[in-house]
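Dear colleague,

I am handing over the structure we spoke of, placed just below, and after it I set out what was found.

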Amino acid sequence: MNTPTERAVGKEIVSYCTRCKMDLGHTIMAMIGGMPARVMCRTCKSEHNYKAKKGVKEPGTATPKAARAPRESKAEKTVPVELEWMKQINASSRPVKNYAANEPFQVGDRLSHPTFGEGVVQKLIFPNKMEIIFRNDIKTLIHAGKPTT
Ligand SMILES: [Zn+2]
């Protein structure tokens, strides 16, 4: 998350106050390595080390924002393709072939692609394409076509 709040001596920052025992606006008194080190509570005027917010709020000021976990964005990060890919890689005992456009591939073949990495052939698309599941995406690549039997 990008907070536009500028961190500098004299600026306000929300810190956990050790005396008030809640998150309150503090004035930054000293900075160390770009992080606030000493802060002064604007409520009780006590100076103490900067403490990260604890989510402790004044009673009565219910903040639904804090209660709402960012579950959605987390779920998006876990790409379902990767799970499926892992499952198929683990399930396949076939030797890994190096991908080449002039090589024939079949469903279930494992291949190694210089850009996309290791993948498993999902299906063949007539006459010379195939769908491959890679770690991050499903790609359609060209191959030599189904070997005629
Ligand atoms: Zn205080």
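Leaving aside neighbours within four places in sequence, Phe 105 is in contact with Leu 111, Val 121, Met 130 and His 143, where contact means that the C-beta atoms of two residues, placed from the backbone, lie within 7 Å. Please keep in mind that this is a predicted model, in which local features need pLDDT of at least 70 and side-chain atom pairs count only at pLDDT 80 or more, while totals for chains, interfaces and linings use all residues. Residues are numbered from 1 along each chain as its sequence is written.

Phe 105 also belongs to the largest nonpolar core, whose 9 residues are Trp 85, Tyr 99, Phe 105, Leu 111, Val 120, Val 121, Met 130, Ile 132 and Ile 133; such a core is a set of buried Ala, Val, Leu, Ile, Met, Phe, Trp, Tyr and Cys residues joined through C-beta atoms within 7 Å. At least two residues of this core come from each of strand 7 (117–125) and strand 8 (129–134), and strand 8 gives the largest share, 3 residues.

Overall, the protein has 3 helices and 9 strands, taken as DSSP runs numbered from the N terminus (helices H or I, at least four residues; strands E, at least two). Of its 149 residues, 14% count as buried, that is, with 20 or more other C-beta atoms within 10 Å of their own, whereas 12 or fewer makes a residue exposed and anything in between partly exposed.

His 48, in strand 4 (residues 47–49), counts as partly exposed because it has 17 C-beta neighbours inside 10 Å.

With best wishes
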